[in-house]
Amino acid sequence: MTKEPLFLEPAFQEKIWGGNKLANEFGYEIPSEHTGECWAISAHLHGPATISNGKFKGIKLNELWDSHREVFGNAKGDVFPLLTKILDAQTALSVQVHPDDKYAWEHEKELGKTECWYVISADEDSEMIYGHHAKSREELANLIETEQWDKLLRHVPVKAGDFLYVPSGTIHAIGKGVMVLETQQSSDTTYRVYDFDRVDEKTGQKRELHIQQSIDVTNVPHKDPELNIEVDKVGDGTLTTFVQTDFFSVYKLELAGGQSTGMRIKAPYTLFSVLDGQGELVIEDDKYPLKKGVHFILPFDVKKWQFRGNLTLIISEPGEKA
């Protein structure tokens, strides 16, 4: 067992829509000027993060999950259930939709993908595609097949600090100039509805679309999920509860000097991403420096902790379905 945090070295994904903000804003060493995703806390085989400290240093998170489940409170499940990303959309992502667990397992042999976004930064007049206007699946299919995107797609303005919950079956696209922290089920299944007729410079081809799968899995009609966002004081800090679902719960902790105390209540382990500031994590008599861009997990054996300094963190924990 370990009473120390598991700090992580992220994996990075190059994307047709990616840029260089992950280097400029967070200081990461990225593979190219078209880096779209930092897989910060990931045990997915397409981009596992690596433990960077302690007795498990050098081990991939998926390997730790498989070989030392006691670190995670002997949590059940074949795969580590959550994936934390930072996405840099230099241009808009494809219009896409993700399947639920049942469809994903039947067709892709992996988890479905419910996700959520915390907007880290956004250019002026930025927007997301979030939902659609079709009233029936027949209308949805017709609007997709006839490419009536202006009639089909729902556009939502966004700014830094916004939070959007994206259940499986929600048509969506992160817009140009937006950077988000994404908390999601550990899945890499995406069905593209529309990709703005872009051509991938590497292949000279348009990227594959998944029209029938998209029609199959999209929720019709679209309904915005109801969020009960709560704000509480925790020591000298402020804790915002964004969402609590069967898949995950997501919070934001803001600390402007002083200290904030945390304590595990239900989840056997907790995920943390430092989005701004610097300070330290205190566990018993041990102190760990924190700065913008650091990601870590507090394992099962860590029951209480403190944060000190000036910090903004996004925190997540697995839900009952995880």
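Predicted model: local features only at pLDDT ≥ 70, side-chain atom pairs only at ≥ 80, totals over all residues.
Let's start with helix 4, which spans residues 137-145. Which of its residues are buried? They are L140, A141, L143 and I144. Looking down the axis of helix 4, you would find these buried residues within an arc of 165°, so they line one face of the helix.

The face turned away from the buried side carries the exposed residues E138 and E145. What covers the buried residues of helix 4? The cover includes strand 8 (127-132), helix 5 (149-152), strand 13 (191-194) and helix 6 (211-217). After helix 4 comes E147, which has a positive phi, near 55°.

## Aromatic rings that meet

The model holds 20 aromatic pairs. One of them joins F7 and Y288, with 6.1 Å from centre to centre and 50° between the planes, and this pair is tilted. F7 belongs to strand 1 (residues 6-9) and Y288 to strand 20 (residues 286-291), so the pair ties together parts that are 281 residues apart in sequence.

Now turn to F272 and F296. Their ring centres are 4.9 Å apart and their planes meet at 5°, so this pair is stacked. It links distant parts of the chain, with F272 in strand 19 (residues 270-283) and F296 in strand 21 (residues 295-298), 24 residues apart. Both F272 and F296 are buried.

## Lysines over rings

K292 lies over the face of F26, at 5.1 Å from the ring centre. K303 lies over the face of F300, at 3.5 Å from the ring centre.

## Nonpolar cores and a buried threonine

In general, nonpolar side chains tend to be buried together in soluble globular proteins. Here, the largest nonpolar core has 37 residues, and those with the most contacts inside it are F80, I86 and I297. Leaving out residues up to four places away in sequence, I297 touches P5, L6, L8, I41, L61, F80, Y269, T270 and L271. Another core, of 21 residues, lies apart from the largest one, and its members include L281, V294, F296 and V302.

T270, one of the residues touched by I297, sits in strand 19. Its relative accessible area is 4%, so T270 is buried. Beyond its neighbours within four places in sequence, T270 is in contact with R264, F296, I297, L298, W305, I315, S316 and E317.

## Strand 12 and its partners

How many of the residues in strand 12 (residues 178-185) are buried? The count is eight of eight. Strand 12 pairs with strand 5 (residues 82-89) in the antiparallel sense over eight bridges, and it pairs with strand 7 (residues 115-122), again in the antiparallel sense, over seven bridges.

To see both pairings, look for V180 in strand 12. L87 stands opposite V180, and V180 is also the bridge partner of V119.

Note on methods: Residues numbered from 1 in each chain as written. Heavy atoms only, no water. Buried < 20%, exposed > 50% of the residue type's maximum accessible area, 1.4 Å probe, protein only. Helix = DSSP H or I, 4+ residues; strand = E, 2+ residues; numbered from the N terminus. Arc of directions from axis to C-beta. Contact = heavy atoms within 4.5 Å. Phe/Tyr/Trp six-rings, centres within 6.5 Å; stacked < 30°, edge-to-face > 60°. Lys NZ or Arg CZ within 6 Å of the ring centre and 35° of its normal. Core = buried A, V, L, I, M, F, W, Y, C linked by side-chain atoms within 4.5 Å. Pairing = 2+ DSSP bridges.
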